[in-house]
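Reader: Please show the model, and then let us go through it by question and answer.

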Amino acid sequence: MSKQDRGFMATVKLGPKGQLVIPKEVREMFGLEPGDSLLLMADPRRGIALQRAIVMNKIADAIFAGHGQEVYPQEPQEHLEEFARGIRQASEEAES
């Protein structure tokens, strides 16, 4: 198993302005470069997640195309569409 095939765990600290540094190993693992847009998702029950904005836009496209139930069969369509609208809104705000 190569280093790229393994997971990574580390402790990160928030800076004085609420910034955090993504460790080099993780940036390399996911091919993240300066200027890449990431979408931060937070849910009080599920926690915090970061994902590339382009990946989340593809998920929103699939939901709007009617494929959301294939990935999230337990979620009502209206919740999926609300999620997809949130993705779109966050992506648009990041681009402006």
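Predicted model: local features only at pLDDT ≥ 70, side-chain atom pairs only at ≥ 80, totals over all residues.

Reader: How far apart are the end C-alpha atoms of helix H4?

Author: Helices (H or I, at least four residues) and strands (E, at least two) are DSSP runs, numbered from the N terminus. Helix H4 covers residues 77-95, which is 19 residues. The expected span is 1.5 Å times one less than the number of residues, so H4 should span 27 Å, and this agrees with the distance between its end C-alpha atoms, 27 Å.

Reader: Which residues of H4 are buried, and where do they lie on the helix?

Author: Buried means under 20% relative accessible area, exposed over 50%, and partly exposed in between (1.4 Å probe, protein chains only). In H4 the buried residues are Leu80, Ala84, Ile87 and Ser91. Seen down the axis of H4, they fall within an arc of 55° (taken from the directions from the helix axis to the C-beta atoms), so they line one face of the helix.

Reader: Why can residues some places apart point the same way?

Author: An α-helix has 3.6 residues a turn. Therefore the residues that point the same way are three or four places apart.

Reader: Which residues are exposed on the other side of H4, and what do its buried residues pack against?

Author: The other side of H4 carries the exposed residues Glu78, Glu82, Glu92 and Glu93. Its buried residues pack, by contact (heavy atoms within 4.5 Å), against S1, helix H2 (53-64) and helix H3 (68-71).

Reader: Which residues is Asn57 in contact with, beyond its sequence neighbours?

Author: Asn57 lies in helix H2. Its relative accessible area is 17%, so Asn57 is buried. Leaving aside neighbours within four places in sequence, the contacts of Asn57 are Ile87, Arg88 and Ser91.

Reader: Which residue forms a salt bridge with Arg88?

Author: A salt bridge is a side-chain nitrogen of Lys or Arg within 4 Å of a carboxyl oxygen of Asp or Glu, and the count comes to 4. For Arg88 the N to O distance is 2.0 Å. Arg88 lies in helix H4 and its partner in helix H2, so the pair ties together parts that are 27 residues apart in sequence. The partner is Asp61.

Reader: Which loops does the salt bridge of Arg46 and Glu75 tie together?

Author: The side chains of Arg46 and Glu75 meet at 3.9 Å, N to O. Arg46 is exposed at 68% relative accessibility, whereas Glu75 is partly exposed at 22%. The pair ties together parts 29 residues apart in sequence, because Arg46 lies in the loop between S1 and S2 and Glu75 in the loop between H3 and H4.

Terms used
Residues numbered from 1 in each chain as written. Heavy atoms only, no water.
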